[in-house]
Amino acid sequence: MTQKNFIGFDLGTSGARISIIAKNVDIDDASSVDNSGKSAYVELYSDSIRWSHYDDADAWINAITTLLENVKTTQPTLLQNVASLCASGTSASCLLIDSNNAGKVSRTPRMYDFDVLSSSNGANSNVGDVSMDGIRAMEILERHAPPKHTARAKTGSLAKLLRWNAEKSLQSGEVLAHQADFVSMFLLNSEPKRQCGAGSQINRRSVTSDWHNCLKLGYDVRKLQWPNWMVDCLQDAGIDERVLPMKVVSPGERIGSISKHLANRFGIPESAVIVGGTTDSNAAFFAAVGGTDALPGTAVTSLGSTLAMKYLSKTYCEDADRGVYSHRFPVFNDNSNRNPKGNTSDKNSKEEAWLTGGASNVGCAILRQEQFTDDELISLSNDIDPGTDSPLGDEYYPLTKKGERFPIADTEREPKLTPKPESRKEYLHGILQGISNVERDGFRVLGDLGALPKQPTVVWSCGGGAKNDMWIEMRQRRLRELFGNEKYGDGDGNSGSVEVKRAPNTEASFGAAILAAATFS
């Protein structure tokens, strides 16, 4: 049997990356990452490029074609066996396209960090540092979005859509597309330009999105539909609901076949399919766990500039006051048929699950702010006993500036790094313990909100902080102390047995490739 290859693209803040993977023949189909740290998939190829402007849609497409061209030049045989492709993008990064004119960009991208109140597009009227169009957009949004709903965020896709309309009324045919949606549309429809004019049927485009990207647009991931409050919100703003993606699918669900033009250009089989995409942080979860068959109780903690947690739960959890939201976890049957609701009669199908969690403003950025060098971090960490508490750790809350998102959303939360000892080793010990406490409290909050199981069985670690073996031991000890407590344990005799490990792969492009492969598992 010919080996199938799968392509994943990730469009991040600094550039784009490609991963090409194949099934790991040494790992059983039901595996994600086994006890030895081996993934269900092996990476055959990876490459990345940087861009000067991350908010340029042309740059996104140029990056995709450049990455494919590089594969064709260096290892063309990898493309000859490609079965599917998947794209991930930054959460809530979106643009508007003209669906009647071959998907031409009609409003330039607004990225994940675009705040409708404070960010300027250079054209609208601002009073001081506040956008009046943004104020009008948020007034409409807050009239309709339920309290504590993720879509109420000033950086969410829905807020950006409402501000676009406040600046200039949307035109007929304009449709919102997320970053990953736009790339998928290109992979499905890329053809040489035709001289048929705008409005010609051959130039019409539709947008297909996915559960993960549409969460911050207001999509109901439990009922798998656009909610009534959202339709009312658009009507209040005078927006036709046809501005929404025509179809919302599961991440990894087949959308359609690659365009013949791209297939011929790069030597990819015309039978290769494009599947529903995801966000970069969710793709990183799939990369860290090595597949889509992770069991509830699996968690991934990213220890980058900030700390982010993803936890696979049997139950849905949401509380905007504590910075917690849930993505629907895709389920793939053994026979490759989609089972989005988990209610099939197939006894072998998995139950519904949710990727819940949040992101703190606490993280490793504080180490640079406090001028710890890489060499210093290594040498001082080697001298710290992970089994001993720092008297400073429970005092510290190591933010770089005011404001916290998770495990409590508090814009007034102040950094606390006092008292400051003379010893750099003791100072580092206290900071790392303080960050560990935020992770511990995050899992406690998820348990309090009803996440099941109440405690994680394994926490895969990624990001720069995951390189620190001492810190991994410290975090594991503090989590085991929490879940060894009768109040927070599961009562199943395994309380306090959580394992904290370094993830074997954390690249979002690898995770996107895993989603591309999942429908063929």
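Biologist: In what order do the three strands form an open sheet?

Modeller: This is a predicted model, where local features need pLDDT of at least 70, side-chain atom pairs count only at pLDDT 80 or more, and totals for chains, interfaces and linings use all residues. Residues are numbered from 1 along each chain as its sequence is written, and side-chain values use heavy atoms, without hydrogens and water. Strands are DSSP E runs of at least two residues, numbered from the N terminus, and two of them pair if DSSP finds at least two bridges between them. The pairing is antiparallel, and the order is 6-5-9.

Biologist: Which strands stand at the edges?

Modeller: An edge strand here has a single partner strand, so one side is left without a neighbour in the sheet. That applies to strand 6 (104-110) and strand 9 (174-178).

Biologist: Which residue in strand 6 is the bridge partner of cysteine 94?

Modeller: Strand 5 (residues 94-98) runs antiparallel to strand 6, and four bridges join them. Cysteine 94 has as its partner arginine 110.

Biologist: Is the ring pair of phenylalanine 6 and phenylalanine 520 stacked, edge-to-face or tilted?

Modeller: Rings of Phe, Tyr and Trp (its six-membered ring) pair if their centres lie within 6.5 Å; planes under 30 degrees apart are stacked, over 60 edge-to-face, the rest tilted. These two centres are 5.8 Å apart. Their planes stand at 45°, so the pair is tilted.

Biologist: Which arginine lies over the face of phenylalanine 520?

Modeller: The rule needs NZ of Lys or CZ of Arg within 6 Å of the ring centre and within 35 degrees of the ring normal. At 4.4 Å from the ring centre lies arginine 254.
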